[in-house]
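Please look over the sequence and the model shown here before reading on.

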Amino acid sequence: MGIRYKIETADDILARLSEKERPRLDDLCRQIRKEQERLQRAGRVLFERCITGCEGLCCKNVIADELITLIDFVYILAASSSSADDLLPLAEEEPLFTADCMFLKNGVGPCIFPDGIRPEKCVLSFCGDDKPIAGNIRSVHRGFVRLHRFLILHRPSLLLTA
């Protein structure tokens, strides 16, 4: 699908939401952000190990298009101050093969997305024992499932053609 396409489609989906749908989407995004922030507090030691131990290995030598979904970009654009225009220049750096994630500051990190507003797979991936925070992980995942369900029910034509 490509990162550029996902960003543009997410922006289009947000632009097409009705005045009645937008507050519900914003509420779902607030819930995901709250759960991500809880996860990041509860998993602080694991997140620190990612930076100091493996130095963000899961952000290196990846195919970003396989990790970051259309739903992630809907969430990021809806929940942050980032616009599609902010992200599209970074999408130009999307390689054909595995490479460091194009959303790392200066190509090395940390992630350009603020804490609490990260793509689902990025915030739920740990290289250590995540059993102590399994409940937090499930809560974040459920938030993304609710967001996906909302979009499927309210904007199926946009998602099915994406």
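## The start of the chain

M1 counts as exposed, because its relative accessibility is 56%. The model described here is a predicted one. M1 lies in the segment that precedes helix 1. Although M1 and T69 are 68 residues apart in sequence, their C-alpha atoms are 9.4 Å apart in space.

Contacts of I3 also join separate parts of the sequence. Not counting residues up to four places away in sequence, I3 touches A64, D65, I68, F73, A91, E94, M102 and F103.

## The nonpolar core

The largest nonpolar core holds 45 residues, and the members that touch the most others are I3, L25, L39, F73, L87 and F103. Two or more residues each come from helix 1 (3–16), helix 2 (21–42), helix 3 (44–52), helix 5, helix 6 and helix 8. Helix 5 gives the most to this core, namely 8 residues.

V74 is a residue of helix 5. V74 is buried, because its relative accessible area is 0%, under the 20% cut-off. Leaving aside residues up to four places away in sequence, V74 touches A10, I13, L14, L25 and L151. Between V74 and R30 there are 13 Å in space, C-alpha to C-alpha, and the two are 44 residues apart in sequence.

## Helix 5 and helix 8

A description of two packed helices rests on the angle between their axes and the distance between the axes. The axes of helix 5 and helix 8 come within 10 Å and cross at roughly 95°. Helix 5 is therefore roughly perpendicular to helix 8, since angles of 65 to 115 degrees fall in that class. On the helix 5 side the contact is made by I71, D72, V74 and Y75, and on the helix 8 side by F144, L147, H148 and L151.

## Aromatic pairs

How many aromatic pairs are there? The count comes to 3 aromatic pairs. One of them, formed by Y75 and F144, is edge-to-face, with 5.3 Å centre to centre and 75° between the planes. This pair links distant parts of the chain, for Y75 belongs to helix 5 (residues 70–79) and F144 to helix 8 (residues 134–154), 69 residues apart. Y75 counts as buried because its relative accessibility is 0%, and F144 counts as buried because its value is 3%.

F103 and F113 form a tilted aromatic pair, 5.0 Å centre to centre and with 40° between the planes. F103 and F113 both lie in the loop between helix 6 (84–91) and helix 7 (120–123), 10 residues apart. F103 is buried, because its relative accessible area is 0%; F113 is buried too, because its relative accessible area is 2%. Ring pairs link F73, F103 and F113 into a cluster.

## The buried side of helix 6

Where do the buried residues of helix 6 sit around its axis? The residues concerned are A84, L87, L88, L90 and A91. They cover an arc of only 160° around the axis, so they are on the same side of helix 6. In an α-helix there are 3.6 residues a turn, so residues three or four places apart point the same way. The buried residues of helix 6 pack against helix 1 and helix 5.

Methods:
Residues numbered from 1 in each chain as written. Predicted model: local features only at pLDDT ≥ 70, side-chain atom pairs only at ≥ 80, totals over all residues. Heavy atoms only, no water. Phe/Tyr/Trp six-rings, centres within 6.5 Å; stacked < 30°, edge-to-face > 60°. Helix = DSSP H or I, 4+ residues; strand = E, 2+ residues; numbered from the N terminus. Buried < 20%, exposed > 50% of the residue type's maximum accessible area, 1.4 Å probe, protein only. Core = buried A, V, L, I, M, F, W, Y, C linked by side-chain atoms within 4.5 Å. Contact = heavy atoms within 4.5 Å. Arc of directions from axis to C-beta. Axes fitted to C-alpha atoms, helices over the stretch in contact; angles between N-to-C directions. Parallel < 35°, antiparallel > 145°, perpendicular 65-115°, else oblique.
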